[in-house]
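Hi,

Here is the structure I promised to pass on. Have a look at it first, and then read on for what turned up.

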Amino acid sequence: MTQQHDDRIVRFADRRPERWRNGGGTTVEIARGPRGAEDGAWGWRISVADIERAGDFSVFPQCERLLTVVEGDLLLLTVDGREQGLERYRPFRFDGGAAAGAALPTGAIRSLNVVTADGFRAHVAIVELSGKRPQPVFGGQHAVVLQGRVSVGGVALGRYDAVVGSDGAPPEATGRGVLAVVSVDPAA
């Protein structure tokens, strides 16, 4: 398949890695949404982070975090003194303002991260594409390719490329692979 331009597709390779606020790792931002016109701050952010060594996470006061290991075997995450083992493809939600740190007993990992400010709530669903049924990506959603051969409208997607959803005629991901479907909605 050809590498065509499609406004619904966010190419991971076109994004630049940024250092964490605390300098302990790097992240590649895939998408963000504004909090409000009054201050221009983001209300939510989806990113992919590389964690290559143990250490503290950046703190995001008044935010909620949803972390999913997408490469590597195990992340030991300690949040406010409580350790939690995180395995691949199992999303974990925690307070962004809490003291958090990581240990890497099986080596470096890569994680999909969703951070939401007050007023937003996120969910991550890991979906396996079988080739038989397309996965629609609705408004308020981003589908991130985690592995496999996936396309949208005949355009091939690479690993960690994302599809931006739409309510009108939602794009459909097809092929064989694994997607993380991230939904961000206003909090009730």
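Before the charged pairs, one term: a salt bridge here is a side-chain nitrogen of Lys or Arg within 4 Å of a carboxyl oxygen of Asp or Glu. By that rule, Asp50, Glu71, Arg110 and Arg159 are linked in a network of salt bridges. Please keep in mind throughout that this is a predicted model.

**Salt bridges**

The total count is 9 salt bridges. As for how open the two partners are, Asp50 is partly exposed, at 22% relative accessible area, while Arg110 is buried, at 17%.

Another pair to look up is Arg121 with Glu64, whose side chains form a salt bridge at 2.8 Å, N to O. Here the partners come from strand β12 (residues 120-130) for Arg121 and strand β6 for Glu64, so the bridge ties together parts 57 residues apart in sequence. Arg121 counts as partly exposed, with 34% relative accessibility.

Then there is Arg32, which forms a salt bridge with Glu29; their closest N and O atoms are 2.7 Å apart. Arg32 is partly exposed, with a relative accessible area of 45%, whereas Glu29 is buried at 16%.

In soluble globular proteins, nonpolar side chains tend to be buried together. In this model the largest nonpolar core has 24 residues, and Ile30, Ile46, Leu112, Val114, Val144 and Leu146 are the ones that touch the most other members. Strands β3 (26-34), β4, β6, β11, β12, β14 (141-152) and β17 (172-186) each supply at least two residues of this core. Its largest share, 4 residues, comes from β17. Apart from this core lies another one, of 16 residues, among them Trp20, Leu75, Leu77 and Ala98.

Leaving aside neighbours within four places in sequence, Ile30 is in contact with Val10, Arg15, Ile46, Ser47, Val48, Val144, Tyr160 and Ala162.

One of those contacts, Tyr160, has a backbone feature to check: its phi is near 75 degrees, a positive value in a residue other than glycine. Tyr160 is in the loop between β15 (155-157) and β16 (162-164), and it is buried, with a relative accessible area of 3%. Asp80 also has a positive phi, near 50 degrees. That residue is in the loop between β7 (74-79) and β8 (82-87), but Asp80 is exposed, at 55% relative accessible area.

**The largest pocket**

What lines the largest pocket, and which residues lie nearest its centre? The lining is made up of 18 residues, with Trp20, Thr27, Arg45, Ser58 and Phe60 nearest the centre. The volume is about 240 Å³. By type, the lining residues divide into 8 nonpolar, 5 polar and 5 charged.

**Two single residues**

Not counting residues up to four places away in sequence, Thr68 touches Tyr89, Arg90, Pro91, Arg110, Ser111, Leu112, Val124 and Ile126. That list includes Arg110, a member of the salt-bridge network.

Arg19, in strand β2, counts as exposed, at 54% relative accessibility. Leaving aside neighbours within four places in sequence, Arg19 is in contact with Gly24, Gly25 and Thr26. The C-alpha atoms of Arg19 and Ala49 are 9.6 Å apart in space, and the two residues are 30 apart in sequence.

Cheers

Technical notes. Residues numbered from 1 in each chain as written. Predicted model: local features only at pLDDT ≥ 70, side-chain atom pairs only at ≥ 80, totals over all residues. Heavy atoms only, no water. 1 Å grid on protein atoms, 1.4 Å probe; cavity = no way out; pocket = protein on both sides within 12 Å on 5 of 7 lines; lining within 4 Å. Points joined across faces, edges and corners; volume = space filled by probe spheres on them. Nonpolar A, V, L, I, M, F, W, Y, C, P; charged D, E, K, R; others polar. Buried < 20%, exposed > 50% of the residue type's maximum accessible area, 1.4 Å probe, protein only. Core = buried A, V, L, I, M, F, W, Y, C linked by side-chain atoms within 4.5 Å. Contact = heavy atoms within 4.5 Å.
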